[in-house]
Amino acid sequence: MATDIEQLPVLGMGASLSLSAQPDPVALVKEKGGPQFVEYAARVNATDVYDEVARIRATGTPVLFHPSYINFCGSYSNSDAWLQATQQHIDTVDSPWFAQDCAYCFLDERHSYSTQLGYFIPPILNDASLKLAIRRVTEVQARVNVPVAIEPPPMTFVVGHMTLFEFFGRLAAETDCALLLDMGHLVSYEMASGYHIMDELDKLPLERVIEVHIAGGKLRQGDAGPVYVDAHENTILDETWHMFEQLLPQLPRVKAVCFECEGVAKASVLKTLGKVREQVIALSSHPTLVEMAAGHT
Amino acid sequence: MSFIEQERAMRDLLFDAGLREQFSAQGVAALSAYQLSDEEQSDFLSIRIDALKIDAGMRVFMLLSQLAAEMPVSIVIMSAFEKGIEAVKAMVNIELIKTPTYERGALLGTEIRDWLADRAMPDQKLQSMLLAYVGAEIAVNWSRSGLQKAIMKQEYIAQDISEIPGDWKQKPIELVQYVSAVIVPRSYDGIKKMLCRAAGDQLWSHTSKNPLALEQLQTLLGDEDPRLLVSRAIATQQAVIDPGVGIQTIELSEGFASLMQYINGQYSTDFILQQLNAAGAPDQMLQGVEAGFLELLKTGMTRITE
């Protein structure tokens, strides 16, 4: 499906939560200053999460389905049956768009979750890989009736000669898809590659960025410097906040800012959401998003 | 010269420790076995080797966190041996990654069994006890993967546990599919509770940081009191593309093992009891056998043959 970004709803400040663990999403959205939408990861079959999602939606809170089983890159195509079930899932929960990391979830003909590889394997950044990624994104768009947004994944290491934003910029332009930027993932790329994201902005169609993620992480010290590790239960690193502060003013059409906080205590979630809101009010160039943030304070 | 070779090389760098070491020492020359052009090979020059090693280590950790939940007792047993933890980490390799996820638990179990079988142990009895627990977990995993495959191939027909008729003892009974029965030296559930100080995906993290001492393992295993561990794989989600499978277990007295061969659709419980009675089995044993047959039926591990 082609991407009409203007038509997408502005969701405001949200939280990515585990539906079966603390903090309870319903309790959280009812709190003053709680998330304005809930994002969740789940298995492909909507029946697994239907009751939990219905509880959230009954509060008037929209949800975003954010899985980890789509190959948005590489030689191995997504199975029709999985894509069909994905569409059913999206329909069932009424997710306004469908976003996931553009990375390998499976490395053969067997469609599966990224967990079977430990977690996502990042795409190879070269022309051959870009051609296949275009094919993968297009095949998903053909089967999913909401706009697709692709996300640069966590990059502990880099294979390929292209820069991250050149790859994703060309991919987004060729497929007319939207983009999701995770601040920690961008920090990970900087550490893995030595490039600076802010030097690459002209390569990415920033007006296609509809969602921003911010989450906890940790640094592991390697022989050649630090390595960023996604760790949502941890606090947000200074490097990640800094990336957020630099990038947010450059993203004129962001519809949703999501604090990924699975495993974080409720009080900490609310406190961090408060800080995210302050930053959005101070820095975002999207008036509606700022209004939503201000209306919640 | 193809992109798919680049993908293969990247996968192998992540899951083949030997190749990673070569790459660390020789750079892209280590990739000469792959059909890569110079330009394709040069794409790997951008890899920070220290970061690749950290990444690979994290993947092993994540995968073992999943797998430990399927082979809990086996994992804790391995921790009690010198280099046991390192051996388990090394079992997360290319072969495991190429194996379908639903068969990985059994594959890991088989490798653990072979490793333990090759170890010099303080005594042979300890070795056979340990191998029995690992064997039981392998059997459970095979039942699980068998059912998962059947659901995916649409070859599985769900059967509800029907109400047990009053005359159940007179009717021939049979085992249902995806049931395994293995003799273990002591109650599996009891041993699991004693050995596994964390559950689910936390077990590997806990065990790898707090390995058991071999003496402690021997003490916890205690004296033998053999039980028959009967397990059944159950479809928790009968979806072709992503089925859910759970495991149900019961434990019966060891003596029940010799009766399992008669649960084949030809013999009734009464017939088996009569044969035992004729062989001089005491009343208490007969009552125990009858209770065991009833429990198997109630839990859906056997059914009345139509």
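Over all chains, the structure, a predicted model, holds 22 salt bridges. One of these joins A:R55 to A:D24, with the closest N and O atoms 3.3 Å apart. This pair links distant parts of chain A: A:R55 belongs to helix α2 (residues 50–57), whereas A:D24 sits in the loop between β1 (12–16) and α1 (25–30), and the two residues are 31 residues apart. The loop between β1 and α1 of chain A also contains A:P23. The peptide bond that leads from A:Q22 to A:P23 is cis, and its omega is near -5°.

A further backbone feature of chain A is found at A:D176, where phi is positive, at about 55°, although the residue is not a glycine. A:D176 is placed in the loop between α5 (164–175) and β6 (178–182) of chain A.

The interface between the two chains was examined next. In chain B, 34 residues are in contact with 46 residues of chain A. The size of an interface is often given as the accessible area lost when the parts come together. Between chain B and chain A the buried area is about 3300 Å², and carbon and sulfur atoms give 57% of that area. One salt bridge is counted between chain B and chain A. In this salt bridge the side chains of B:D242 and A:R43 meet, at 2.8 Å from N to O. Polar contacts between chain B and chain A number 26 residue pairs, with both residues at pLDDT 80 or more.

Four helices of chain B, namely α1 (3–15), α4 (49–68), α7 (94–98) and α8 (101–117), each supply at least two residues of the side that touches chain A. Of these helices, α4(B) provides the largest share of that side, with 10 residues. Divided by class, the side of chain B that touches chain A comprises 17 nonpolar, six polar and 11 charged residues.

Two strands of chain B, β3 (227–237) and β6 (302–304), each contribute at least two residues to the lining of the second largest pocket. By class, the residues of this lining are divided into 11 nonpolar, five polar and six charged.

Definitions and conventions: Residues numbered from 1 in each chain as written. Chains lettered and ligands numbered in written order. Predicted model: local features only at pLDDT ≥ 70, side-chain atom pairs only at ≥ 80, totals over all residues. Heavy atoms only, no water. Contact = heavy atoms within 4.5 Å. Buried area = accessible area lost by both parts, 1.4 Å probe. Salt bridge = Lys/Arg side-chain N within 4 Å of Asp/Glu carboxyl O. Polar contact = N/O pair within 3.5 Å; in protein donor to acceptor, adjacent residues only side chain to side chain. Nonpolar A, V, L, I, M, F, W, Y, C, P; charged D, E, K, R; others polar.
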